[in-house]
Amino acid sequence: MASAVAKAPPQPPPRRRTPGAHRRRTGATPRRLPYLLIAPAGLLMLGFIAYPVISVFYYSLRHYNPTKPWRDGFAGFDNFVTAFTEDPQFWQTLGFSLQWVAVEVVLQLLLGLGLALIVNQTFIGRAMARALVFSPWAVSGVLTSTIWLLIFNSQTGITRYLADMGIGSYGTSWLSDTSTVFPAVVVAELWRGVPFFAILILADLQSVSKDLYEAAEVDGASRFRQFFHITLPHLKDAIILSTLLRAVWEFNNVDLLYTLTGGGPAGETTTLPLRIASIAVDSHDFGYASALTSIAFVILLFCSMVYLRLSKFGGQDK
């Protein structure tokens with residue numbers, strides 16, 4: 001009796017793997033892993049940044065005053081029209097803000113560059129000198145304001161000692177005189193802001209190869225020419241970045257001016273952020289304050305983009 005032999009179904013030919021396919025599949029996850037790890041923090045930061053910005057733009061289009069809820073409602077561009085056409089203090093505070101930023105950034109850059117060049121040299125006590133130069137940057141804004149309030153105090157401050165030497169009169173307060181208040185607050189902010197430039201510029205100075213200076217000395221280049229042809233070109237990006245950051249910070253400066261003068265005397269030291277804070281906190285007009293904040297945001301964004309474009313930050317000079 002013949003037995004039926006069951007035939008096994010034919011097996012498909014073995015699948016040939018494309019060279020590198022396995023590596024591509026296994027390499028996809030490691031490439032995405034860094035983005036997956038930073039995604040939670042990125043989303044959290046986006047929420048903290050995007051929500052306030054969107055809220056400010058939203059309230060800038062509304063009349064919103066918690067103390068007068070019957071006036072709340074959609075305003076359209078009325079708040080912006082009021083700022084540009086009906087509020088003279090807007091232009092006054094904006095002009096002072098620009099003046100404040102220009103004076104502070106230029107002086108801080110020049111003094112910070114000079115201090116960085118000094119402490120970059122080799123001399124006895126350089127570590128102590130660097131610590132003294134950088135120490136004001138570690139002091140908080142409120143403490144800085146307190147220190148300079150004591151210095152400018154009319155009874156116990158510098159004006160008292162100058163009066164003892166016959167310079168000026170007793171009881172004079174530089175912070176209450178319209179002719180001296182601006183230089184006084186400028187000096188106070190310089191004390192706090194100069195170390196920022198000194199730190200960044202010194203860090204970049206230490207990356208300049210000494211071979212460049214040695215070669216320049218061999219070719220007979222003076223210190224003046226070495227500074228303008230070697231040092232400054234190397235510091236270009238550091239100077240651009242530091243001036244941009246400091247300009248934004250000085251434009252938004254509130255703590256020192258508010259503590260020293262409160263925007264006075266007679267509004268002489270009122271910046272746009274101080275004006276915004278006064279409208280929002282004192283008058284509770286959050287709609288108009290949001291409109292002024294939106295204007296300040298657009299001004300800073302536009303100026304930053306133009307500055308980076310014109311300065312060719314991160315690029316090579318042609």
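This is a predicted model: local features need pLDDT of at least 70, side-chain atom pairs count only at pLDDT 80 or more; totals for chains, interfaces and linings use all residues.
**Entry 1: the loop between H11 and H12**

I began at Pro265, which is found in the loop between helix H11 (255–260) and helix H12 (272–282). I looked up the peptide bond from Gly264 to Pro265 and found it cis, with omega near -5 degrees. I then moved on to Ala266, which lies in the loop between H11 and H12 as well. Ala266 is not a glycine, yet its phi is positive, at about 55 degrees. I noted both items because most residues other than glycine have a negative phi, and most peptide bonds are trans.

**Entry 2: H2 against H3**

Next I looked up how helix H2 (residues 78–86) packs on helix H3 (residues 88–119). The angle is about 75 degrees, and the axes are 5 Å apart. I count H2 and H3 as roughly perpendicular to each other, because the angle falls in the range 65 to 115. On the H2 side, I listed Ala83, Phe84 and Glu86 as making the contact. On the H3 side, I listed Pro88, Phe90 and Trp91.

**Entry 3: annotated spans**

I checked the UniProt record, an unreviewed entry, for "transmembrane region". The annotation covers residues 33–61, 98–119, 131–151 and 286–308. I took two of these spans further. For residues 33–61, the end C-alpha atoms lie 42 Å apart, and the span is 97% helix and 0% strand. For residues 98–119, I have 31 Å between the end C-alpha atoms, with 100% helix and 0% strand.

**Entry 4: the largest pocket**

I sorted the lining of the largest pocket by class and have 5 nonpolar, 6 polar and 6 charged residues.

**Entry 5: the second largest pocket**

Which residues lie nearest the centre of the second largest pocket? I have Val101, Ala247, Val248, Leu300 and Cys303, out of 15 lining residues. The volume of this pocket is about 330 Å³. The elements giving two or more residues to its lining are H3, helix H10 (236–251) and helix H13 (286–311). By class, I have 13 nonpolar and 2 polar residues in the lining of the second largest pocket, and no charged ones. For the largest pocket I had 6 charged residues in the lining.

Note on methods:
Residues are numbered from 1 along each chain as its sequence is written. Side-chain values use heavy atoms; hydrogens and water are left out. Axes are lines fitted to C-alpha atoms, for helices over the stretch in contact, and angles run from 0 to 180 degrees between N-to-C directions. Helices (H or I, at least four residues) and strands (E, at least two) are DSSP runs, numbered from the N terminus. Angles under 35 degrees count as roughly parallel, over 145 as roughly antiparallel, 65 to 115 as roughly perpendicular and the rest as oblique. Contact means heavy atoms within 4.5 Å. UniProt positions are given in the numbering used here, feature names are shortened, and annotations may be inferred rather than shown by experiment. Ala, Val, Leu, Ile, Met, Phe, Trp, Tyr, Cys and Pro count as nonpolar, Asp, Glu, Lys and Arg as charged, and the others, Gly among them, as polar. On a 1 Å grid over the protein atoms alone, a cavity is a set of points where a 1.4 Å probe fits but cannot get out, and a pocket is an open set with protein on both sides within 12 Å along at least five of seven lines; lining residues have an atom within 4 Å of a point. Grid points are joined across faces, edges and corners, and a volume is the space filled by probe spheres set on the points.
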